[in-house]
Amino acid sequence: MRIEEHPILGEYKKGKKVKFSFDGKELEGFEGEPIAAALMASGVTTHRHTRKKGTPRGIFCAIGRCTDCVMVVDGEINVRTCITPLKEGMKVQTQYGLSADKEAEK
């Protein structure tokens with residue numbers, strides 16, 4: 001399943017296939033597509049876990065207004081992956097509270 005048209009970003013021309021990492025695993029997507037679209041196409045639906053209860057979250061609005069899709073991207077927390085274009089070599093990590101460290105928020 002791949003998102004072909006974004007409600008805000010519109011249609012995008014499929015870029016070249018690129019490799020990126022997700023939680024240490026190598027995945028592929030198309031350059032310029034939203035990170036969340038590349039993750040969804042690879043079967044990834046959980047992007048973060050809430051700070052208080054550890055509840056999993058994923059794509060909700062897909063237009064950059066909520067925070068359900070935020071992840072750690074290249075070391076930066078709270079990146080809205082639904083509107084951030086994928087680039088070759090990106091390091092994408094599940095976000096736990098305010099970090100990529102699952103144990104730090106406990």
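## Core, strands and cysteines of a predicted model

Within the largest nonpolar core, which has 14 residues, the members that touch the most other members are Phe20, Phe22, Ile35, Leu39, Leu86, Met90 and Val92. A nonpolar core here is a set of buried Ala, Val, Leu, Ile, Met, Phe, Trp, Tyr and Cys residues joined through side-chain atoms within 4.5 Å, where buried means under 20% relative accessible area, exposed over 50%, and partly exposed in between, with a 1.4 Å probe and protein chains only. At least two residues of this core come from each of β3 (17–22), α1 (35–41) and β7 (70–73); helices (H or I, at least four residues) and strands (E, at least two) are DSSP runs, numbered from the N terminus.

The model is predicted, and local features need pLDDT of at least 70, side-chain atom pairs count only at pLDDT 80 or more, and totals for chains, interfaces and linings use all residues. Residues are numbered from 1 along each chain as its sequence is written, and side-chain values use heavy atoms, with hydrogens and water left out.

Isoleucine 35, placed in helix α1, touches Val73, Thr81, Thr84, Pro85, Leu86, Met90 and Val92 when residues up to four places away in sequence are not counted. Isoleucine 35 also lies 8.8 Å from arginine 80, C-alpha to C-alpha, although the two are 45 residues apart in sequence. Valine 92, with its neighbours within four places in sequence left aside, is in contact with Phe20, Ser21, Phe22, Asp23, Ile35, Leu39, Met71, Val72 and Val73.

Strand β3 has a covered face made of Val18, Phe20 and Phe22, and an uncovered face made of Lys17, Lys19 and Ser21. Six bridges join β3 to the antiparallel strand β4 (residues 25–30), and strands are taken to pair if DSSP finds at least two bridges between them. Phenylalanine 22 has lysine 25 as its bridge partner in β4, and the hairpin formed by β3 and β4 has two residues between the strands, with aspartate 23 in the turn showing a positive phi of about 50°. With β9 (residues 91–93), by contrast, β3 runs parallel and is joined through two bridges, serine 21 having lysine 91 as its partner there.

A separate description applies to the open sheet of three strands, ordered β6-β5-β10 with mixed pairing, in which β6 (56–57) and β10 (95–96) are the edge strands, each pairing on one side only. Strands β5 (residues 48–49) and β6 run antiparallel and are joined by two bridges, and arginine 48 stands opposite arginine 57 in β6. Threonine 50 sits in the loop between β5 and β6 and touches Thr55 and Arg57, residues up to four places away in sequence not being counted. A polar atom of the threonine 50 side chain lies 2.9 Å from the backbone nitrogen of threonine 55.

| Residue | Relative accessible area |
|---|---|
| Isoleucine 35 | 0% |
| Cysteine 69 | 3% |
| Cysteine 82 | 4% |
| Threonine 50 | 17% |

How many disulfides does the rule give? The count is zero, a disulfide being a pair of cysteine sulfur atoms within 2.5 Å.

Note on methods:
Contact = heavy atoms within 4.5 Å. Polar contact = N/O pair within 3.5 Å; in protein donor to acceptor, adjacent residues only side chain to side chain.
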